[in-house]
Amino acid sequence: MKLFKQEDLDIFVRLSKDNRLCYKFLSELKWSEGFHCSRCKGISYIKGKKIHSRRCRNCGYDESVTSGTIFHKLKFDICKAMAMFYDIIKIKEGVTSVSLAKRYNLNQKTTWKFRQKVLKAKANILMQELHTCNGNLS
Ligand SMILES: [Zn+2]
């Protein structure tokens, strides 16, 4: 995942203002190595019903661009989520759910849950990178 590169971070400013761009961005990220249906592993698709979703030609499953990502089933705007995601990963010492709630005018429980999701995903990425490094060393 290339999300943490410095040159990519500017894009979050744009993402925080543009709903459609958020979904386009997620789509490019999610299917960067091609489409793989999460139900049948089919690789052929047509345009789905929802914004940037993809419908499997084999089984007909309409896969949303957010499913399987931390942006799935959010109770708030995707733009806010992108902006918060940036806030959570850019500040090393961590931003609190209380300050996120204040800044984005959301319930603290909501921001707490989202922050946990982001941190967990970040930890998983770091672990994967660690495994890759170990693999390269041996
Ligand atoms: Zn399928």
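**A friendly tour of the model**

Me: How does Lys117 count: buried, partly exposed or exposed?
Reply: A residue is buried with 20 or more other C-beta atoms within 10 Å of its own, exposed with 12 or fewer and partly exposed in between, with C-beta atoms placed from the backbone. Lys117 has 18 C-beta neighbours inside 10 Å, so this residue counts as partly exposed.

Me: Before we go on, how are residues numbered, and what kind of model is this?
Reply: Numbering starts from 1 along each chain as its sequence is written. Local features need pLDDT of at least 70, side-chain atom pairs count only at pLDDT 80 or more, and totals for chains, interfaces and linings use all residues, as this is a predicted model.

Me: Which elements does the protein have, and in what order do they run?
Reply: Helices (H or I, at least four residues) and strands (E, at least two) are DSSP runs, numbered from the N terminus. The protein has six helices and three strands. From the N terminus on, the order is α-α-α-β-β-β-α-α-α.

Me: At what angle do H3 and H4 pack?
Reply: Axes here are lines fitted to C-alpha atoms over the stretch in contact, and angles run from 0 to 180 degrees between N-to-C directions. For helix H3 (residues 19-30) and helix H4 (residues 78-90), the axes are 8 Å apart and the angle is about 65 degrees.

Me: Which residues of H4 meet H3?
Reply: Contact means that C-beta atoms, placed from the backbone, lie within 7 Å. From H3 come Asn19, Cys22 and Tyr23; their counterparts in H4 are Ile78, Cys79 and Met82.

Me: What distance separates the end C-alpha atoms of H4?
Reply: The expected span of a helix is 1.5 Å times one less than its number of residues. The 13 residues of H4 should therefore span 18 Å, and the distance between the end C-alpha atoms agrees: 18 Å.

Me: In E2, which residue is the bridge partner of Ile46?
Reply: Strands pair if DSSP finds at least two bridges between them. Strand E1 is joined to strand E2 (residues 54-56) by three bridges, and the two run antiparallel. In E2, the partner of Ile46 is Arg55.

How values were computed. Contact = placed C-beta atoms within 7 Å.
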